[in-house]
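Q: Can you walk me through this one? I have not looked at it before.

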Amino acid sequence: MHIPYKTHIVLSALLLPCLVSCASTSDVADKSQVASSGNAAKTSGGGDVAEYKLDNGLKILVKPDHRAPIVVSQVWYKAGSSYEKNGTTGVAHVLEHMMFKGTKSRGPNEFSRIIAENGGRENAFTGQDYTAYFQQLEKSRLHISFELEADRMQNLMLSADEFAKEIKVVMEERRMRTEDKPKSLTYEQFVAASFVNSPYHHPIIGWMDDLEHMSADDAQQWYSSYYAPNNATLVVVGDVDPDAVATLAKKYFGPLKPRAVPVLKPQREIEQKGVRRISVKAAAQLPYLLLGFQVPVLKSAEVEWEPYAIEMLAYVLDGSDSARFNKNLIRGSEIATSVGAGYDMNSRLQDRFVIDGTPAQGRSIKELEEAIFAQIKQLKDELVPQKELERIKAQVVASKIYEKDSVFYQAMQIGTLETVGLDWRLMDKFVERFKAVTPEQVQQMAKKYLVEDRLTVAVLDPQNIESKQPRHPSSAGGSHAH
């Protein structure tokens with residue numbers, strides 16, 4: 001499932017020694033530089049976000065937030081696991097690891113050392129639709145982030161020796177996060193069954209057989225194909241002036257050359273013609289149930305309001321302690337120890353509405369599934385009371401306000417929307433469109449999409465747990481998110 005990058009890191013304002021071709025600490029703060037040094041072309045703005053584009057195709061999105069003297073810088077590449085081909089699954093994530101292994105002018109892991117010595121935090125993450133790299137620094141250190149990211153955007157050194165070490169780290173990561181975790185293993189098989197021809201069929205970390213046969217040349221080809229300024233977006237949020245950020249970006253990223261980027265085939269998921277069921281046997285203590293319904297997302301919806309009504313469905317079932325699953329299945333009938341619902345309207349391709357749960361002691365998977373479908377039937381048969389919807393809307397609006405406390409999450413929202421091919425301005429329209437959802441629309445979405453012909457079911461069938469030798473990750477590589 002998608003990783004909730006909502007951490008809010010507060011950094012010290014202490015100015016630590018500059019280690020990388022130090023530009024003046026006024027590079028970002030001094031607006032007068034814009035006139036004298038030239039600037040990126042400002043293409044548009046909306047709300048409090050400014051948009052620019054360099055001649056080489058790099059898009060720059062800047063959102064000022066002056067509450068603290070910090071800045072978050074993120075570079076997003078349109079290159080996630082859904083861009084991969086059979087035989088090289090996992091290469092996007094492997095390349096993410098290799099991006100910390102040095103350039104023509106900097107050695108392995110020097111990137112992370114420089115950021116840390118300047119009081120910053122950095123990491124990266126790979127998703128189905130993108131790979132992104134981020135740093136959070138005191139605002140006068142933004143030039144360090146730009147210089148380092150521009151360097152590895154076109155000067156990465158893919159050493160065969162470093163690759164041989166790092167691919168073992170990724171394989172061990174796969175063992176620890178998926179193969180040794182029954183729920184994760186079941187979820188992976190569930191996703192593969194849910195999608196037949198969509199590239200979402202493949203796990204982000206890749207299939208083990210592909211990882212075992214991957215070479216440094218595979219990573220090099222991926223890097224050469226997708227890591228170019230015309231396939232990237234630079235997102236900056238924090239205590240900055242947008243025009244000065246654009247000028248600074250032009251200084252470091254402007255000299256980089258654009259490259260031809262592969263054109264993707266649509267790879268639309270075929271229409272499902274009936275329920276799919278799988279069972280996964282694994283060493284575990286408890287059974288686990290996954291239900292997934294094929295649903296549209298913002299890019300594929302027939303009408304604009306549908307994704308917002310599907311999102312409302314998720315909140316009705318699992319939005320809070322007073323949501324229906326919690327109230328009726330956990331506290332009420334006590335049929336489940338956990339049960340939840342989730343949906344991501346911002347996926348690049350058609351996705352799923354997912355429900356998962358674990359039955360309570362003495363209860364069966366069959367009973368839990370029947371109880372979940374009873375809740376879905378109620379949504380189809382009866383309108384959700386307006387009072388219930390208003391409570392949910394108030395909770396969601398409040399959560400959206402709280403999200404803005406994190407400059408990191410603000411950048412995440414902008415970067416995600418832009419990179420999956422949506423308009424980043426949609427983040428400012430979510431509340432308005434969500435509040436407009438009616439009880440009739442919620443009922444219509446339940447009837448249209450939460451049906452058996454769109455359903456995939458996966459069950460974890462727990463086997464006796466045998467003692468295993470604990471695994472330990474290799475110390476050869478870094479700990480980067482995926």
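**Surface and overall make-up**

A: The accessible surface of the protein comes to about 20,800 Å², and 51% of that belongs to carbon and sulfur atoms. Accessible areas here come from the Shrake-Rupley method with a 1.4 Å probe, and for residues only the protein chains shown count as cover.

Q: What kind of model is it, and how are residues numbered?
A: This is a predicted model: local features need pLDDT of at least 70, side-chain atom pairs count only at pLDDT 80 or more, and totals for chains, interfaces and linings use all residues. Residues are numbered from 1 along each chain as its sequence is written, and side-chain values use heavy atoms, with hydrogens and water left out.

Q: What is the mean pLDDT?
A: The mean is 89, and 88% of the residues reach 70 or more. pLDDT is the predictor's confidence in each residue, from 0 to 100.

Q: Where does pLDDT stay under 50?
A: Residues 1-38 do, and the model has 84 contacts for them beyond four places in sequence; contact means heavy atoms within 4.5 Å. Over residues 469-479 the pLDDT is also below 50, and that stretch has 21 contacts beyond near neighbours in sequence. Where pLDDT is low, the predicted coordinates should not be read in detail.

Q: OK. How many helices and strands?
A: There are 16 helices and 12 strands. Helices (H or I, at least four residues) and strands (E, at least two) are DSSP runs, numbered from the N terminus.

Q: And how much of the protein is buried?
A: Of its 482 residues, 54% count as buried. Buried means under 20% relative accessible area, exposed over 50%, and partly exposed in between (1.4 Å probe, protein chains only).

Q: Now the sheet. What is the strand order?
A: An open sheet of 5 strands runs β8-β12-β9-β11-β10, with mixed pairing. β8 (276-283) and β10 (336-342) are at the edges with a single partner strand each, so one side of each has no neighbour in the sheet. From one strand to the next, the twist averages 15°.

Q: Which helix packs on that sheet?
A: Helix α12 (residues 365-381) does, touching β8, β9 (288-295), β10, β11 and β12 (455-463). The direction of α12 makes about 35° with that of β9. Axes are lines fitted to C-alpha atoms, for helices over the stretch in contact, and angles run from 0 to 180 degrees between N-to-C directions.

Q: Is β9 buried or exposed?
A: 8 of the 8 residues of β9 are buried, so β9 is largely enclosed by the rest of the structure. Tyr288, Leu290, Gly292 and Gln294 are on one side, with Leu289, Leu291, Phe293 and Val295 on the other.

Q: How does β9 pair with β12 and β11?
A: β9 and β12 are antiparallel over 6 bridges, with leucine 291 opposite valine 457 in β12. β9 and β11 are also antiparallel, joined by 7 bridges, and valine 295 stands opposite aspartate 351 in β11. Two strands pair if DSSP finds at least two bridges between them.

Q: Changing topic: at what angle do α5 and α6 cross?
A: The axes of α5 and helix α6 (residues 182-194) cross at roughly 95° and come within 6 Å. The two helices are therefore roughly perpendicular; angles under 35 degrees count as roughly parallel, over 145 as roughly antiparallel, 65 to 115 as roughly perpendicular and the rest as oblique.
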